Amino acid sequence: MSLMGVNKEPIDVLIERQQKEPETVAKERLDIILKAVELKVPSRVPISGLGGDIMAYYNGKTWYDVCYDFEKAREAVLSFAKNFPQDFPFILAPYGLEGFIFALAFSDFPDFSNIIRFLTGPVHDIIKDKWSRWPGRELREHQHPQFLGGEFMKPEEYKQLIDDPLKFIHDVVFPRACPGLGKPKSPQWNGTLIRIGLTLQRVASFQGALFQELGKLGYPAIPMTSAYSPADIIGDFLRHPTGAMLDMRRHPDDFKAACEALIEHILKVATAIPPTPPLTISFIPLHLNEMLSPKLYNEFYWPYLKKVILELVNKGYKMFIFFEGDHTPHVDTILELPKGWGVAWFERPRDFIKDVWEKLKGHTCVMGGVPTNLLVGGTPEKIEEYVKNLLNQTKSEGGFILSTGVAELPKETPKQNIRAYINAALKYGE
Amino acid sequence: MSSSEEFVNAILELEEEKALKITRERLEAGEDPLKILDDLKVVAEKVGEKYEKGEFFVADLVMAGEIMKEVSELVRPKLKELGKAREPIGKFVIGTVEGDIHDIGKNIVVTMAEAAGFEVIDLGVDVPPQKFVEAIKQHNPDVVGMSGLLTLAIESMKKTIDAIKNAGLRDKVKIIIGGGRVDEYAKEYTGADAWTNDAATGIRIMLGWVGGKKV
């Protein structure tokens with residue numbers, strides 16, 4: 001087959017095409033993504049969901065490299081993008097961890113609120129935040145950077161948060177969570193902020209150049225802004241998820257008032273980049289969702305998230321929401337949103353077809369369907385069979401993006417398995 | 001309803017104040033504190049049932065675990081005062097595997113396993129395979145739990161189980177892997193005996209394993 005050089009595998013044809021005619025491929029990609037988002041039937045089901053360890057290690061880099069050494073991060077991203085083509089990749093380079101609290105804190109500064117949204121290693125070095133751990137710093141160089149969160153607000157401080165969220169974050173949370181900043185208004189504090197600015201500029205210009213290069217590999221540039229679920233701000237950055245879950249029972253009114261107070265600031269971050277046709281995406285990763293019973297979800301989580309989504313959809317954004325974990329118990333609430341509101345990426349629903357696809361098809365663009373562990377531990381034959389079967393059940397309906405549950409493939413993932421995944425998607429997705 | 005039933009129900013209804021009030025009343029009435037702890041084992045079992053039926057979610061486990069912890073703390077001084085100790089139903093070694101430092105899930109398991117009557121040896125986070133092997137040699141546990149949130153944790157779980165095999169200890173312990181991203185594929189791949197996405201089911205599986213053995 002491929003060895004003969006005559007009957008190339010579909011993936012090899014695409015690898016060649018995306019280098020030879022990147023503009024055409026980028027157009028095709030944008031077109032199939034748009035069609036999927038608009039719930040139409042694209043010429044081929046878009047492929048997504050490849051990344052993580054495998055991207056860092058594929059051409060011999062470490063996690064330290066892709067977090068701190070921009071040149072090596074560039075090489076890692078480009079060589080992976082070249083050899084494992086996908087249509088809707090989620091690329092963070094230098095690698096970024098959850099850092100929406102910074103976007104929120106600077107939500108009055110639309111020129112950089114979305115640039116500071118993901119926490120990077122270089123910024124972590126400056127502020128020494130306690131939310132995250134980084135390779136070559138707190139972790140060994142080959143370890144994945146990790147977001148830990150923590151408790152940086154006491155339950156009795158809800159009132160202050162509610163009264164003025166931004167002031168509370170700057171005055172109370174930052175000094176506790178970011179010892180690198182020193183004392184507020186001190187020379188160290190001021191100098192550190194300038195140093196963050198210089199670093200962000202370096203990160204932003206690197207990313208700009210990288211996206212240009214990805215364009216030369218046929219990857220379309222789709223503008224993306226960031227939003228967040230109000231309850232997750234409390235869980236991720238202020239009270240720790242455990243604390244947030246206890247607060248829902250012990251301080252229910254405070255919790256709800258805080259969610260309400262955070263909405264306008266979240267919207268400011270999301271709208272910092274205006275919606276531009278044909279497609280501007282606003283990304284929200286959900287965290288507490290699967291941990292909550294429908295009762296708690298419907299009282300403390302969904303009403304506030306829904307407000308954020310509806311506002312942004314009304315303004316012309318398409319949402320891109322990562323439903324972490326098993327969102328099965330809450331899937332029905334998605335139907336409360338207007339048809340075609342955006343892309344829902346499901347990590348680990350109990351039964352993808354029954355619990356997610358059958359309920360949402362024709363209403364929501366659904367992304368996912370492939371268990372990450374199938375790519376890690378399966379065989380190329382099993383993967384082909386699985387993808388073929390999945391696509392046969394979904395492709396004629398449209399509004400589907402093929403993806404793993406989370407773009408975090410460990411470095412041991414066999415390359416032939418990833419190729420089998422892409423090959424099967426190209427073969428059976430048309 | 002006996003105070004024991006009322007107590008169990010209060011925790012299952014997640015009524016923190018009520019559960020603590022009954023605990024204090026039972027202790028003041030001179031009831032054997034061990035009986036209260038036995039009730040916690042019943043709670044742990046029922047919490048697992050509720051989770052499996054889809055009536056409980058992680059947030060409910062967190063709350064139930066918190067109440068169980070508070071109850072244990074109220075009971076402990078009384079137990080000490082009477083010179084009594086609880087006979088553990090089994091020994092359990094747990095840790096978050098190498099490369100991963102997440103511990104929310106692990107901590108819920110620790111709280112619930114202790115409340116259920118296990119003697120728990122918590123190895124912490126980012127635990128290398130060799131440390132699991134040494135802990136098995138030292139503590140001779142019935143069950144080994146490996147926790148991890150990251151996808152890469154699954155590779156570490158496999159390495160750890162391989163190390164346990166190579167040390168000739170695999171037949172001596174039951175192994176359960178847990179975390180958001182483990183599944184049947186991960187169980188097969190790592191060679192564990194069981195997998196779980198949640199603490200409550202994990203505790204139920206462990207209680208099943210040690211069930212016939214002691215108590």
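In chain A of this predicted model, 72% of the contacts between residues at least 6 apart in sequence join residues that are at least 24 apart. For chain B, residues 24 or more positions apart account for 77% of the contacts with a separation of 6 or more. The points below take up each chain in turn, then the surface between them.

**Chain A: overall build**

- Chain A contains 18 helices and 10 strands, and its radius of gyration of 21 Å is close to the 22 Å that the globule rule gives for 430 residues, so chain A is as compact as a globular protein of that length.
- The C-alpha trace of chain A spans about 70 × 45 × 40 Å along its principal axes, and 51% of the 430 residues of this chain count as buried.

**Chain A: the six-stranded sheet**

- An open sheet of chain A is formed by six strands in the order S5-S6-S7-S8-S9-S10, and the pairing within it is parallel.
- Strand S5 (224–226) and strand S10 (400–404) of chain A stand at the edges of this sheet with a single partner strand each, so one side of each is left without a neighbour in the sheet.
- On average, and with direction ignored, neighbouring strands of this sheet are turned by 25° against each other.
- Within the sheet, strand S8 (residues 342–346) of chain A runs parallel to strand S9 (residues 365–370) of chain A, and three bridges join the two; A:Trp345 stands opposite A:Met367 in S9(A).

**Chain A: helix H11**

- Helix H11 (residues 230–238) of chain A is mostly covered, with nine of its nine residues buried; the buried residues include the nonpolar A:Ile233, A:Ile234, A:Phe237 and A:Leu238, and A:Asp232 and A:Asp236 are also among them.
- After H11(A) comes A:His240, which has a positive phi, near 70°.

**Chain B: overall build**

- Chain B holds nine helices and five strands, and from the N terminus on its elements run α-α-α-α-β-α-β-α-β-α-β-α-β-α.
- A compact globule of 215 residues would have a radius of gyration near 17 Å, and chain B, with 17 Å, agrees with this.
- Along its principal axes the C-alpha trace of chain B spans about 55 × 35 × 30 Å, and 54% of the 215 residues of chain B count as buried.

**Chain B: strands S1 and S2**

- Strand S1 (residues 90–96) of chain B pairs with S2(B) in the parallel sense over five bridges, and B:Ile94 stands opposite B:Asp122 in S2(B).
- Together with helix H5 (residues 104–116) of chain B, which belongs to the unit as well, S1(B) and S2(B) make a right-handed β-α-β unit.
- In a regular strand the side chains alternate between the two faces of the sheet.

- Strand S4 (residues 174–178) of chain B is mostly covered, since four of its five residues are buried.
- S4(B) pairs in the parallel sense with strand S3 (residues 143–147) of chain B over five bridges, and B:Gly145 has B:Ile176 in S4(B) as its bridge partner.
- S3(B), helix H7 (residues 152–166) of chain B and S4(B) make up a right-handed β-α-β unit.
- S4(B) also pairs in the parallel sense with strand S5 (residues 194–196) of chain B, over three bridges, and B:Ile177 stands opposite B:Trp195 in S5(B).
- From S4(B) the chain crosses to S5(B) through helix H8 (residues 184–190) of chain B, and this β-α-β crossover is likewise right-handed.

**Where the two chains meet**

- In the contact between the chains, 24 residues of chain B touch 29 residues of chain A.
- On the side of chain B that touches chain A, helix H4 (58–81), H7 and H8 of chain B each supply at least two residues, and H4(B) gives the most, with six residues.
- The residues on this side of chain B divide into 14 nonpolar, four polar and six charged.

Methods:
Residues are numbered from 1 along each chain as its sequence is written. Chains are lettered from A and ligands numbered from 1 in the order in which they are written. This is a predicted model: local features need pLDDT of at least 70, side-chain atom pairs count only at pLDDT 80 or more; totals for chains, interfaces and linings use all residues. The radius of gyration is taken over C-alpha atoms; the globule rule is 2.2 Å times the number of residues to the power 0.38. A residue is buried if 20 or more other C-beta atoms lie within 10 Å of its own, exposed if 12 or fewer, and partly exposed in between; C-beta atoms are placed from the backbone. Two residues are in contact if their C-beta atoms, placed from the backbone, lie within 7 Å. Two strands pair if DSSP finds at least two bridges between them. A crossover is right-handed if, with the strands pointing away from the viewer, the path from the first strand over the helix to the second runs clockwise. Axes are lines fitted to C-alpha atoms, for helices over the stretch in contact, and angles run from 0 to 180 degrees between N-to-C directions.
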